[in-house]
Amino acid sequence: MMTRPFRLCAAYLAAAFACLTAHSAAFAQSFEEAQFDAAIPTLTEVIGHQPGERITSPEETVQYLKALAAAAPDRVRMVEYATSWQGRKLHYLVLTAPENMARLGEIQADMANIAAGRASNGSALPVTWLAYSVHGNEIASTDAAIMMAYHLIAATDDPRVQQIMSDTIVVLDPVQNPDGRARFVSHFRNALGMMPIGDRQAAEHDETWPSGRVNHYMFDLNRDWFTLSQPETRGKVAALQEWNPVVVADIHEMGGDQTYFFAPAADPVNPNITPEQLSLYEVIGRNNARHFDRIGEPYFTREIFDLFYPGYGDTWNAHQGAVGMTYEQGSARGLVWDRSDGTVLPYAATVRNHFVASLSTAEAVALNADRFLADYANYRRANANGATGSGSYVIDLSSRRWNAEGLGRRLAAQGIEVVRRDGPVTACGRSYPQGYIAIPQAQPAGKLVRSLLDKDTELPREFIVEQEKRRSQDLAHELYDVTAWAVGAMSGVEVDLCNRAVGGQRLTGAEPIAPVGNASGAYAVAVPWNDSGQARLVTLALREGIDARASDEAFTKDGRTFPRGTVLFPTAMNTPEQMARLRELADQVGAETVGIADSWVEDGPNLGSSSFVRLTLPKVAIAWDEGVSQLSAGSMRYVLEQRLGLPVVPIRTNRFGRADLSDYDVVLVPDGSPRSAMGSGGVRNLRSFVERGGILVAVGNSLGAFASGDDPLLSIQREAALGLSASDDKEEAGSLTKATEITNEEEYREAIASQEALPDTLPGALLNTVADKESFLSAGYDEGAVVLATGSLVYTPLDRAVGSNVMRFAAPGVLIESGYVWDENRRQLAFKPYMMAQGTGRGLTIGFAHDPSTRAYLDGLDLLIANAVLIAPSRVR
């Protein structure tokens, strides 16, 4: 038995590793003493290093796991399930006893029966899904997965292994984010000198931008579970539905001074997670604790990492009926880490801890196989029989049709039953002229349906009371992520709740979106400016040189009113081949097009009016590198490139001082603090760019770089906390100040409050906005938009003499669409700008107070982004 030997080791990795493995040669292969089958290749034999001695790259991981699968095909199956943006293959490993492997299809089929709410035929076995390295710089987990696979295959005398392999199926997903891990491994190996260094300031621990945490498009893949924007997530979600696991453990890392976290999770818990599930969290947690006590490793539970937001790997799977858990190990972020308490954390120890947690989790399921299987079956059956409701959510296809169609397919891709009807049709007393998409509540995934489609998922009352109490005592609140994620509102579509089930043709999630209209007309083809698909069609057409005109006013033709922003493709200004290509593009996108027979309109501007402007494809640059948020930069680039089809040129922030911006129409500055990275020369260069006719789009905190000085590009100021003033009037240092009497705690709190304090951090809520209909930038949003607000940013409105508050937050009584908002934030945000625009010289600066592209799940705001990036250059010109 091993009792915390690494705490006695020397600071250097070699000594630490030797200390961990000195007890037996067996430890050099799995960190658990056992007899191992010599026919099963070791990591040393295949790759050349022992477990925990090096950080195994994604390519080395695949190479080794293929060797294991080849050596034991009766117990291992390796399956490719996705391809990353950079072309790396993602695999999972299925491990079970030979007799189970021989009937694997039968087991899968019966698990599918159970997941569908039907009775089991007795063939099923509980599936334990262990997922590693969703954040690529959380490095120990993948090496632990390697050791887990080896130990389950090679250990011949471990009774835990025998029971796990006989009574369960274990699925290992060893590298969920291979692009991010490859980036970290490359960084680390390039920075490594003659020996690993534990100093946290050393280059090997100080990642360059972007970090290995994120994938190629710089997404946090652990926030993408219901958005399904990234190929890694889409493949993983599809794979999970093939296996229907009863337990999903997502293996992470945290700061190196921390110990180890496992379930039970912290409050708040999403109300759609059942008491039966919570009791199983404790079953697993107790078994983890037993093994951590055995090796003398400290841990903690319940303090952080809640189960509220359903976009995480733990909570999303819990909403499917599994016991979904997050495990967190203090990270060495390299091969050795000097902790602040004077101890040394070697990489091998972090690998060992994740391995022990993985093995003890699989053991807990095997020891309670019947209970885990029965509880999962009861959960799915109860939902199918109406435990979550008997009605249907109905999405109108006559409003933001393309976004509604896309949302229906995303839900179906998560194993949710979705049906579709073409219109006109009536359901629950309401007319749907173009049909609907409907999602029944009574289905096996009913709790996930409720969590995603209910307007609100309420925080537990006792939790809210506790948070308000903490805030009254000047303590930070304990909300970990956003409090609102109503997917209908985020897609800009209307969701009705009907009190009965409604019928239709079932969607699988793989169907292409069908076009509406025929994209042909003697005079022109009109593309109404009303959803993301329309913006994508216009962008793709401009990329192919097809001539287009956009209107900033509504017009009526043949009895139909076309909204502001509608784009016309005139037949006379394009060749027959170009118009034929437009039809092909409309079919590919699934866009709506309307043939226009002649130029006469009943109301509104004609094509020759100045209200119409000729569109050209803009050349777009984005600030890239230190000083801007990698998440904001990645999501904005993703929305523009992958959703709208508009190429983006990344320019490093430190180059802006000398960059030639004359060829660009738009420069995007994502959320962040870019001033220091760009330098004063970079900010001046961007101002000159705007003066010459360019479009500058700044997001979030980056607005501050352009809202200061004598002649700012945006004449706004950031507000302090409500009731306080950010005064520059300071007393001279060392001077006396007026004596005051403090008579009660309220006065004391007021006395110690910083007069330059910012509003309390808003975890994240969906808020309503109101459009300035006179601005072309609000086209597509006459009824306002639902946006996500987070953090503490509140800006003063622009004076009407200098600019437009294109989209402003609604009045306090109608501000909140979904989520929880501190009362003072609600009152302070009301009527403040969300999107603003101010002209300077011949150009325009556009500011978003909060990122409209965040996590790519606000597709209802795509037209706002398109207005700023695609349309604005032509309007300004």
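This is a predicted model: local features need pLDDT of at least 70, side-chain atom pairs count only at pLDDT 80 or more; totals for chains, interfaces and linings use all residues.
Me: What makes Thr556 count as buried?
Reply: Its relative accessibility is 14%, and buried means under 20%, so Thr556 gets that label. You'll find Thr556 in strand β21, residues 555–557.

Me: How do you know that the side chain of Thr556 makes a polar contact with the side chain of Thr561?
Reply: The distance is 3.2 Å, and the cut-off is a pair of N or O atoms within 3.5 Å, so the pair qualifies. Thr561 also turns up among the contacts of Thr556 once neighbours within four places in sequence are left aside, along with Val601, Glu602 and Asp603.

Me: Which residues touch the most other members of the largest nonpolar core?
Reply: Those are Leu95, Ile439, Trp529, Phe569, Met835 and Ile846, in a core of 251 residues. There's also a second, separate core of ten residues, including Ala524, Phe555, Leu568 and Val601. In soluble globular proteins, nonpolar side chains tend to be buried together.

Me: How do you know that the span of helix α4 agrees with its number of residues?
Reply: Helix α4 covers residues 58–71, which is 14 residues.

Me: Why is the link between Cys428 and Cys498 called a disulfide?
Reply: The S to S distance is 1.4 Å, and the rule asks for cysteine sulfur atoms within 2.5 Å, so the pair passes. The count by this rule comes to one disulfide. Cys428 lies in the loop between β14 and β15, and Cys498 in strand β17, so the pair ties together parts that are 70 residues apart in sequence.

Me: Why is Cys428 called partly exposed, and what makes Cys498 buried?
Reply: Cys428 has 34% relative accessibility, which falls between the 20% and 50% cut-offs, so Cys428 is partly exposed. Cys498 has a relative accessible area of 4%; that is under 20%, so Cys498 is buried.

Me: Why does Ala720 count as buried?
Reply: At 12% relative accessibility, Ala720 is under the 20% cut-off, so Ala720 counts as buried. Ala720 sits in the loop between β29 and α23. Ala720 and Leu758 are 38 residues apart in sequence, yet 4.6 Å apart in space, C-alpha to C-alpha.

Technical notes:
Residues are numbered from 1 along each chain as its sequence is written. Side-chain values use heavy atoms; hydrogens and water are left out. Helices (H or I, at least four residues) and strands (E, at least two) are DSSP runs, numbered from the N terminus. Buried means under 20% relative accessible area, exposed over 50%, partly exposed in between (1.4 Å probe, protein chains only). A polar contact is a pair of N or O atoms within 3.5 Å; within protein, one must be able to donate a hydrogen and the other to accept it, and residues adjacent in sequence count only if both atoms are side-chain atoms. Contact means heavy atoms within 4.5 Å. A nonpolar core is a set of buried Ala, Val, Leu, Ile, Met, Phe, Trp, Tyr and Cys residues joined through side-chain atoms within 4.5 Å. The expected span of a helix is 1.5 Å times one less than its number of residues.
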